[in-house]
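Please keep the sequence and the model at hand while reading.

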Amino acid sequence: MTDISRRKWLQSSLLASSALLISGSANAALDLSKKQITQQNNELIKLNYNENPWGPSKKAREAVIKGLDISNRYPDDLVENLKKKIALKNQTDPRQVFISAGSTEILSLLGQHVGLMKGEILTAWPTFPTIISAGEIAGATTKKVLVDSNERIDLNKLNAEISDKTSLIFLCNPNNPTSTEVDTKALKAFCRAVPSNILLCVDEAYIEYSKNGLAGSMMSLVSELPNLVVIRTFSKAYGLAGLRIGYAISSMGNIEQLQMRHPGREIAAGVAPLSAAIATMEDPEFLRHCVSKNQEGKQIVYDAYQKWGVSHAKSSTSFIYTRHEHFDKDVVSKMKKDGVLITKWNDMKDHIRISIGKPSEMEAFVKKAEKYLV
Ligand SMILES: Cc1ncc(COP(=O)(O)O)c(C=O)c1O
């Protein structure tokens, strides 16, 4: 869900609940609606937010429950503990790690930073829009370079668009929503060629699902490029989207700037998400399970697409980007009525996006989607 649609949802639900309170039988009505919402959510097949259907892991759940015992304390020790773990895994210094309540926070801070200095964001398009919307609200302009005909970020075109005006380059690799990844070597060369006065932000939310996994990460360049910020999240392959925890790795100077600008400092991620993240990092088997099940789910859709003659880019993520033209123009709302949620965008009408759920959910998707082929 984009920030804007989340906000709209919140507004409409607040309006709906105030209407119920005014209507007199508020308690009964609220109880009923609660039940209905739970029922609906259980019945729906949610293939719309790129959530991991396997999480949280057993170890993460246990850690959250154990964390309740220390929830009267601010979680500074847990922040330090998680930073050490992340630093060790990425061969960096804990002081180069910034923890946040979801990577959305970091993207927003960076966008706002560029906006406040009336700078320009250069990015591939389509891509994950948070940094752009946060930047534009604060006064930034955006230059978008369309992905190529294979739905891949075009590094040469992006490179050609770098100018004196560029303040920040945003790259999502693998990219949401197009699902493709760029070649690791080519991306490293691109990063090295970016002038050091331009902030370079690489969002690796789906890197665990990519062809080379973490070997395709730009993390190893952080010690070399002080302008590079690499962003990761525990929301996807680690299955902790609802707990809200993510992080950035960059030069100490950039991390200090993020710490100063973030109103909640790093303890905004509370005891539960911090505990869950620490426990999940110690559970590589769970990660392997999620990545392999994701592959199984994708294959179910690929097989159906092949049978139906639906072309698609090969996904390096936990979702499949599909041309809308293969399906009825109202496929998203019709599938919703059938109990399957998938995504379309108002500003990108050519495509729909199908997140990968459990294999049984993907079988259900295939069965329902077949009705809307054109
Ligand atoms: C590419 C990308 N980056 C960042 C995020 C934000 O993730 P979170 O705030 O849950 O860490 C998402 C969420 O869908 C995403 O797709």
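The model is predicted. Around its ligand lie 13 residues, of which G102, S103, T104, T233 and S235 come nearest.

**Ligand surroundings**

- The shell around the ligand consists of 4 nonpolar, 8 polar and 1 charged residues.
- Among the 13 residues of the shell, the nearest ones are G102, S103 and T104, together with T233 and S235.

- Seven strands form an open sheet with mixed pairing, in the order 2-8-7-6-5-3-4.
- Strand 2 (97-100) and strand 4 (141-146) are the edge strands, and each of them pairs on one side only.
- On average, neighbouring strands of this sheet are turned by 20 degrees against each other, direction ignored.
- Within the sheet, strand 5 (residues 166-172) and strand 6 (residues 199-203) run parallel and are joined by 5 bridges.
- In this pair of strands, C172 stands opposite D203, a residue of strand 6.

**Helices on the sheet**

- Helix 4 lies across strand 2 and strand 8 (246-249), and runs at about 130 degrees to strand 2.
- Helix 6 (residues 130-138) also packs on the sheet, where it touches strand 3 (120-125), strand 4, strand 5 and strand 6.
- The direction of helix 6 makes about 150 degrees with that of strand 3.

**Residue D76**

- D76 belongs to helix 4, which covers residues 76-89.
- Is D76 buried or exposed? D76 is exposed, because 12 other C-beta atoms lie within 10 Å and a residue with 12 or fewer counts as exposed.
- Along the chain, D76 and V271 are 195 residues apart, while their C-alpha atoms are separated by 9.1 Å.

**Contact between helix 3 and helix 10**

- Helix 3 (residues 58-67) and helix 10 (residues 271-281) have axes that come within 8 Å and cross at roughly 140 degrees.
- The crossing of helix 3 with helix 10 is right-handed.
- Helix 3 contributes K59, A60, E62, A63, V64, K66 and G67 to the contact.
- From helix 10, the contact involves V271, A272, S275, A276, I278, A279 and T280.
- The residues of this contact comprise 8 nonpolar, 3 polar and 3 charged ones.
- V271, which takes part in this contact, is the residue whose C-alpha atom lies 9.1 Å from that of D76.

How values were computed. Residues numbered from 1 in each chain as written. Predicted model: local features only at pLDDT ≥ 70, side-chain atom pairs only at ≥ 80, totals over all residues. Axes fitted to C-alpha atoms, helices over the stretch in contact; angles between N-to-C directions. Helix = DSSP H or I, 4+ residues; strand = E, 2+ residues; numbered from the N terminus. Left-handed = near helix turned anticlockwise from the far one by under 90°. Contact = placed C-beta atoms within 7 Å. Nonpolar A, V, L, I, M, F, W, Y, C, P; charged D, E, K, R; others polar. Near = placed C-beta within 6 Å. Buried ≥ 20, exposed ≤ 12 C-beta atoms within 10 Å, placed from the backbone. Pairing = 2+ DSSP bridges.
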